[in-house]
Amino acid sequence: MGLVGIYLELTARCTGCGAGVPFNAYVTRTPCPICNAAVDVDPDNWKSLLGNAVAVDAPLGKTSSVATLSDDLKLDSGREDPRCAGCGTAFPDEVAAFTERGFAMCAGCGRRTSVRTPPPELASLVRGAQLVIGEDLAQLAGGMAQDAPRAREPVLLSCTNCHAPLQFDGSQRSVRCSYCSADLYLPDELWLKLHPVAKVARFYLTWLSAAAVATAQRETFAWHNLADAQIGTDGNLYCTSGGKTTVWCMTPDLTTRWMTNDADAAPHISDPMLALDPTGRVLTWNGQQHSLQVFSSQDGASLGRLGGKQPGDATTRVLDVVALHELAVDRDGTLIALIGEHLCRFARDGSPLELWPPKSGLLGTKHEKLVALYDASGSVLATEGVDVDKLSSQPHALDDYSRVAVGWDGMYYFVRDEWVAKLDRAGKLVYRINVGNDVPGKVGADGAGRAYVVTRKSRQRWLLRISPDGKHVDTLATDHIHGGVLHHENDLICVGSDGTTYHLRFGMILRVLAPDGRLVFISEKAKVADAREREARAKQDV
């Protein structure tokens, strides 16, 4: 099988004397070897540093870029299977049997090496690592490094007051003479002779096998940011987050199927968006690039990019998404894009198409002019977008704050403020209705043509279902204020083909509601958020 690991080397700066202090174990405090002051690395700092550690599935020898925090902390990490710090002998799988004892002996040199399971406060940060190997045993026990070299010769020192020989064990820099009771401070040269500067040493986060790595990555990917989410035809949720754009796929019980990054994205993207192609593609965009990044929905593999910057002399439409507000993928794989206030359609390969079928709807006798969307300077061409409350038949321009969706029934849905509209596949208006309160998120529709939205007023939320003809609106769920299951920040909604709704929020918060509004799944983080909301509400009512 073979152990799989990444090494960590962490150095902190002592605020007392400015010396570099090695943290050769996962501990939050250790004494400075120079001035003996306590040096802290709190769990939040460990979390930030470990979040930038090298990936465990990187090639052997692959070292990450150094992670630093305010010049006071520096973490080096690299892909290396765990080995003895004394002789370099690789540790066998059998070391896992010694976690209860806390250490194992190297088969090569007999050196004692720490072995333990990740402590609870570390477990959620280490991407499913099963062991921590090679930590400094003395640091784990709260003392100085066990392998710090000692002085090779006897150390002699006389009292500067009475010249009697001093008795001291080196544990404290202040020594009292037993003859004259004078207090003496050990000079730096002597203190360093007794306590040579400790060196940073690596220890390892360890998985028991490559298979364990794969399983851990599927089951333990912790998402903190959340920008967008969609439900796929396979029943899985596809999500994206900001920062260095991350895309992942997970089952509705939070088991991660795959996770990947947009390697070309800028390092600080605030809200990358996502659309799903029923033919097996995941499309993401971020407002800073002219093309879409394409991933495989099967395993997250990169499929390249789609579209690109419109040439300055273009006379026809180009899939340039730098001003893209909304993207929905039709059931035939064509793309419906809201670029600026232009509602337009593109083929799977990015070539322009007419938005609505020729000879359909009120405007079907005219062919759409597929003119360029940007001027020579790269600015999106102005057009007068239609508000959803004024939507009629076959719009080619739409207010750029509108949300656009293709329902499981193949119809087109639009939402803006408190208005929801539905068009058929020919672009003809089915209904437009006012649902009473603002719709802050998406609209979705099940296979029967029933639309679902979350509405809000102040800190209150309602999940509404609209009948296929728009004549009836039912409230399926309410928030805690009304005794329901929704949180006051539940805005992002994904709708399944059967009417199951998925409500997501940052910090691994997910709740799943059945088609009749019953809560059928809630994540642990959502339970915590709900408890806090109930507690805050109770204090307000006192």
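Residues are numbered from 1 along each chain as its sequence is written. In this predicted model, local features need pLDDT of at least 70, side-chain atom pairs count only at pLDDT 80 or more, totals for chains, interfaces and linings use all residues, and side-chain values use heavy atoms, with hydrogens and water left out.

Colleague: How many strands are there in the protein chain?
Modeller: Helices (H or I, at least four residues) and strands (E, at least two) are DSSP runs, numbered from the N terminus. The protein chain has six helices, and its strands number 36.

Colleague: Why is one side of β25 and of β28 left without a neighbour in the sheet?
Modeller: Two strands pair if DSSP finds at least two bridges between them. Four strands form an open antiparallel sheet in the order β25-β26-β27-β28. One side of β25 (403–406) and of β28 (429–434) has no neighbour in the sheet because these strands stand at the edges, each with a single partner strand.

Colleague: Which residue in β28 stands opposite lysine 422?
Modeller: β28 pairs with strand β27 (residues 419–423) in the antiparallel sense, over five bridges. Opposite lysine 422 stands tyrosine 431.

Colleague: In β30, what is the bridge partner of alanine 445?
Modeller: Another open sheet of four strands, with antiparallel pairing, runs β29-β30-β31-β32. Its edge strands, pairing on one side only, are β29 (443–445) and β32 (473–478). Three bridges join β29 and strand β30 (residues 451–457) in the antiparallel sense. The partner of alanine 445 is alanine 451.
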